Amino acid sequence: MQKNLVAEFLGTFLLVFGGCGSAVLAAAFPDLGIGFAGVSLAFGLTVLTMAYAVGGVSGGHFNPAVSVGLAVAGRFPAGRLIPYIVVQVIGAIVAAALLYIVASGKAGFELGGFASNGYGEHSPGGYSLTSALVIEVALTLFFLIVILGSTHGRAPTGFAPLAIGLALTLIHLISIPVTNTSVNPARSTGQALFVGGWALQQLWLFWLAPIAGAALGGLVWKLLDKDD
């Protein structure tokens, strides 16, 4: 179990440091910014690489919503949920702290949104609470279906991390303008703690929506996987 938790910490750390780091440090870099597409790819690559690196140890969740969805689908012991979620959140907070140290080393540094998730006036595109709720639930649901399907015994062996990483890239391409893309309560929590204020006030949505979407995804997969 200790090895599992260390693997989850490392995977969640890189997801936040790599994904949010690309948004904070590189997305709008003068003349050479990577933009939304680059940030989307960075998030996908963090999951892809760490799933290959430590997925064999812990299952490669790196996300409280994923852990919940897998438990609902009967693919993860419910008794391990709390320890997994705790270390995932800790990994995200440590990553956000190190990212803050790096980012604040630039002259004229301003914290700004710090890649936090938000809706209304804090949505990159000004999208409403309803829009944010719908897209976070829907995309997390489909993310779980991709995870469960690609790791199923009938799926081609060895390709699950690739499918999952590409799915997360696609999810970010769709939803960065709406919420800055969460689908991961740990990722949202780490950034919100440093921004404070509005980010903490809106954080509830980025726990509720991804977990609800993941649980629904687990239920949908159980129907798809049921023997006729």
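The axis of a helix is a line fitted to its C-alpha atoms over the stretch in contact, and the angle between two axes runs from 0 to 180 degrees between their N-to-C directions. With that in hand, I turn to the structure above, which is a predicted model.

Let me begin with helix α5, residues 129–150, and its partner α6. Their axes lie 9 Å apart, at an angle of about 175 degrees. Because angles over 145 degrees count as roughly antiparallel, α5 is described as roughly antiparallel to α6. On the α5 side, the contact includes I135, L139, F143 and V146; on the α6 side, residues including I164, L168, I171 and V178 take part. By class, this contact has 14 nonpolar, four polar and one charged residues.

Let us stay with α6, which spans residues 160–179 and holds L166. Is L166 buried or exposed? L166 counts as exposed, because its relative accessibility is 51% and the cut-off for exposed is over 50%. In sequence, L166 and F43 are 123 residues apart, yet their C-alpha atoms are 9.3 Å apart in space.

The second pair is helix α3, residues 64–72, with helix α9, residues 205–224. Their axes come within 8 Å and cross at roughly 30 degrees. Since angles under 35 degrees count as roughly parallel, α3 is roughly parallel to α9. The crossing of these helices is right-handed. The contact is made by P64, A65, V68, G69 and V72 of α3, together with residues of α9, among them W207, I211, L219 and K222.

How values were computed: Residues are numbered from 1 along each chain as its sequence is written. This is a predicted model: local features need pLDDT of at least 70, side-chain atom pairs count only at pLDDT 80 or more; totals for chains, interfaces and linings use all residues. Side-chain values use heavy atoms; hydrogens and water are left out. Helices (H or I, at least four residues) and strands (E, at least two) are DSSP runs, numbered from the N terminus. Buried means under 20% relative accessible area, exposed over 50%, partly exposed in between (1.4 Å probe, protein chains only). Angles under 35 degrees count as roughly parallel, over 145 as roughly antiparallel, 65 to 115 as roughly perpendicular and the rest as oblique. A crossing is left-handed if the near helix is turned anticlockwise from the far one by less than a right angle, and right-handed if clockwise. Contact means heavy atoms within 4.5 Å. Ala, Val, Leu, Ile, Met, Phe, Trp, Tyr, Cys and Pro count as nonpolar, Asp, Glu, Lys and Arg as charged, and the others, Gly among them, as polar.
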